[in-house]
Amino acid sequence: LSQIERDAIISRYDVDNVSVLPNCVDVKEQLPIKTVNDKPLTLGYIGRITKEKGMAYLLEACKTLKGEGVEFKLILAGKEDCPNEFIPYFEDSMKESFEYAGVVSGNKKEEFMNKLDKRIETV
């Protein structure tokens, strides 16, 4: 939950004991990475495709990486809250380096995760 959601719950349900548990990975320091071979990395995102989930930041990060010559493929899975809000921009910016997997559930989640890169080692 975010602080906004915490405040909404407190207000709506008249409760006091609500804690925010961050839903993120805290990276204290950026670790350099190297690939095991010369193939492009395969990165993925699974979840709601919406502004609140940081899609604009992800798109800009992908553009930056492409501009720096980093070879990778991004696979997005999930449902857009507003149709055509982000997916067309990923497709246009990344061309063949982008794949939209649609909504995945059940066994499809495991198949999705198995497509993602596992070849990264910290240096």
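Predicted model: local features only at pLDDT ≥ 70, side-chain atom pairs only at ≥ 80, totals over all residues.
Residues are numbered from 1 along each chain as its sequence is written, and side-chain values use heavy atoms, with hydrogens and water left out. The chain has 4 helices and 5 strands, where helices (H or I, at least four residues) and strands (E, at least two) are DSSP runs numbered from the N terminus.

**Overall fold**

- Read from the N terminus, the elements of the chain follow the order α-β-β-α-β-α-β-α-β.
- Of the 123 residues of the chain, 24% count as buried, buried being under 20% relative accessible area, exposed over 50% and partly exposed in between, with a 1.4 Å probe and protein chains only.
- Among contacts (heavy atoms within 4.5 Å) with a separation of 6 or more, 69% join residues 24 or more positions apart.

**The sheet**

- Three strands form an open sheet in the order E2-E3-E4 with parallel pairing, two strands being paired if DSSP finds at least two bridges between them.
- Strand E2 (41-46) and strand E4 (98-100) stand at the edges, each with a single partner strand, so one side of each has no neighbour in the sheet.
- From one strand to the next the twist averages 15°, with axes taken as lines fitted to C-alpha atoms, for helices over the stretch in contact, and angles running from 0 to 180 degrees between N-to-C directions.
- Strand E3 (residues 72-77) runs parallel to E2 and is joined to E2 by 6 bridges; the bridge partner of Leu-41 in E3 is Phe-72, and that of Thr-42 is Lys-73.
- Between E2 and E3 the chain crosses through helix H2 (residues 55-67) in a right-handed β-α-β crossover, a term that applies if, with the strands pointing away from the viewer, the path from the first strand over the helix to the second runs clockwise.

**Helices on the sheet**

- Helix H3 (residues 87-94) lies across E3 and E4 and runs at about 155° to E4.
- Helix H4 (residues 107-115) packs on the sheet, where H4 touches E2, E3 and E4, and its direction makes about 150° with that of E2.

**Nonpolar cores**

- The largest nonpolar core has 14 residues, and those with the most contacts inside it are Ile-49, Met-55, Leu-74, Leu-76, Phe-90, Met-94 and Phe-98; such a core is a set of buried Ala, Val, Leu, Ile, Met, Phe, Trp, Tyr and Cys residues joined through side-chain atoms within 4.5 Å.
- At least two residues of this core come from each of E2, H2, E3 and H3.
- A second, separate core of 5 residues includes Ala-77, Val-104, Phe-112 and Leu-116.
- Apart from neighbours within four places in sequence, Met-94 is in contact with Cys-62, Lys-66, Phe-72 and Leu-74.

- The structure holds 1 aromatic pair, rings of Phe, Tyr and Trp (its six-membered ring) being paired if their centres lie within 6.5 Å, with planes under 30 degrees apart counted as stacked, over 60 as edge-to-face and the rest as tilted.
- The rings of Phe-90 and Phe-98 have their centres 5.4 Å apart and their planes at 15°, so the pair is stacked.
- Phe-90 counts as buried at 0% relative accessibility, and Phe-98 counts as buried at 10%.
- Tyr-89 has its place in helix H3 and, leaving aside neighbours within four places in sequence, is in contact with Leu-59 and Asn-84.
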